Amino acid sequence: MASTKSFAEAVKDRRTYYALSNESTVPDSRIQEIVKDAILHTPSAFNSQTSRAVVLLGEEHVKTWDIIAEVYKQQLPEEKFNQANKRFQGFRAAYGTILFYEDTDSVREFQNKFKTYEDKFPGWSEQTNGMHQYHIWTALETEGLGVNLQHYNPLIDVRLETEYKVPSTWNLKAQMVFGKPTSGPAVENKEFKPVEERMKVYGAK
């Protein structure tokens with residue numbers, strides 16, 4: 001059953017969680033539903049719908065982080081890899097990973113279709129991908145899952161592209177790790193810069 005938490009509550013509660021177990025608070029079908037809803041209903045400039053996602057659960061999630069560790073082991077000195085591998089093993093211990101992509105063919109299609117805004121579409125593409133990430137992150141947390149977002153691309157792009165038969169036109173943007181939290185968020189008491197320095201209002205009644 002979907003959470004009854006309000007949107008405003010979900011936004012305020014969203015945090016980064018690193019300590020995650022390989023358990024889920026909801027069935028895999030609910031996770032798929034959340035991602036599907038985001039893909040279908042998250043807005044994009046000119047309704048370009050350029051964002052893509054790959055959902056990895058169970059052994060596929062574990063395999064992904066084994067691949068990432070293997071790639072970095074080949075790239076880093078032993079000492080640095082050993083430090084990085086502690087993080088990789090932490091992500092591997094979680095329940096699932098979502099890979100976020102942007103389809104560069106779709107971006108180019110809209111650049112060609114709307115020449116006036118040709119230089120804007122790459123930026124708009126990044127914006128819609130960020131909205132997809134935020135949508136899914138917040139939705140997963142309303143279901144009691146903890147989430148963190150990683151960026152180990154581009155070193156891992158080719159291996160994951162091959163492993164999961166991802167089209168070469170899909171450009172990897174982020175890796176979202178999730179699972180049942182085993183402790184509190186990474187930052188318990190988040191600090192906020194003054195809203196007055198970040199927001200202006202004119203004409204309010």
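## Helix packing in a predicted model

Read from the N terminus onward, the elements of the protein follow the order α-β-α-β-α-α-β-α-α-β-α-β, and together they come to seven helices and five strands. The structure shown above is a predicted model, and the values in this report were computed from it.

### Overall form

The protein has 205 residues, for which a compact globule would have a radius of gyration near 17 Å, and the 19 Å found for the protein agrees with that. Taken along the principal axes, the box filled by the C-alpha atoms is roughly 55 × 40 × 35 Å. Of the 205 residues, 40% count as buried.

### Two helix pairs

Two packed helices are described by the angle between their axes and by the distance between the axes.

| Helix pair | Angle | Axis distance |
|---|---|---|
| Helix 5 (residues 104-113) and helix 6 (residues 121-142) | about 135° | 10 Å |
| Helix 2 (residues 28-41) and helix 6 | roughly 150° | within 9 Å |

How are helix 2 and helix 6 oriented to each other, roughly parallel or roughly antiparallel? Their axes cross at roughly 150°, and because angles over 145 degrees count as roughly antiparallel, helix 2 is roughly antiparallel to helix 6. The crossing of this pair is right-handed. On the side of helix 2, the contact is made by Ile34, Val35, Asp37, Ala38 and Ile39, while helix 6 contributes His132, His135, Ile136, Ala139 and Leu140.

The crossing of helix 5 and helix 6 is right-handed. Which residues bring helix 5 and helix 6 together? Val107, Phe110 and Gln111 in helix 5 meet Phe121, Pro122 and Ser125 in helix 6. The residues of this contact divide into four nonpolar and two polar, with no charged residue among them.

Taken together, helix 6 meets helix 5 through residues that include Phe121 and Pro122, and helix 6 meets helix 2 through residues that include Ile136 and Leu140.

Conventions: Residues are numbered from 1 along each chain as its sequence is written. This is a predicted model: local features need pLDDT of at least 70, side-chain atom pairs count only at pLDDT 80 or more; totals for chains, interfaces and linings use all residues. Side-chain values use heavy atoms; hydrogens and water are left out. Axes are lines fitted to C-alpha atoms, for helices over the stretch in contact, and angles run from 0 to 180 degrees between N-to-C directions. Helices (H or I, at least four residues) and strands (E, at least two) are DSSP runs, numbered from the N terminus. A crossing is left-handed if the near helix is turned anticlockwise from the far one by less than a right angle, and right-handed if clockwise. Contact means heavy atoms within 4.5 Å. Ala, Val, Leu, Ile, Met, Phe, Trp, Tyr, Cys and Pro count as nonpolar, Asp, Glu, Lys and Arg as charged, and the others, Gly among them, as polar. Angles under 35 degrees count as roughly parallel, over 145 as roughly antiparallel, 65 to 115 as roughly perpendicular and the rest as oblique. The radius of gyration is taken over C-alpha atoms; the globule rule is 2.2 Å times the number of residues to the power 0.38. Buried means under 20% relative accessible area, exposed over 50%, partly exposed in between (1.4 Å probe, protein chains only).
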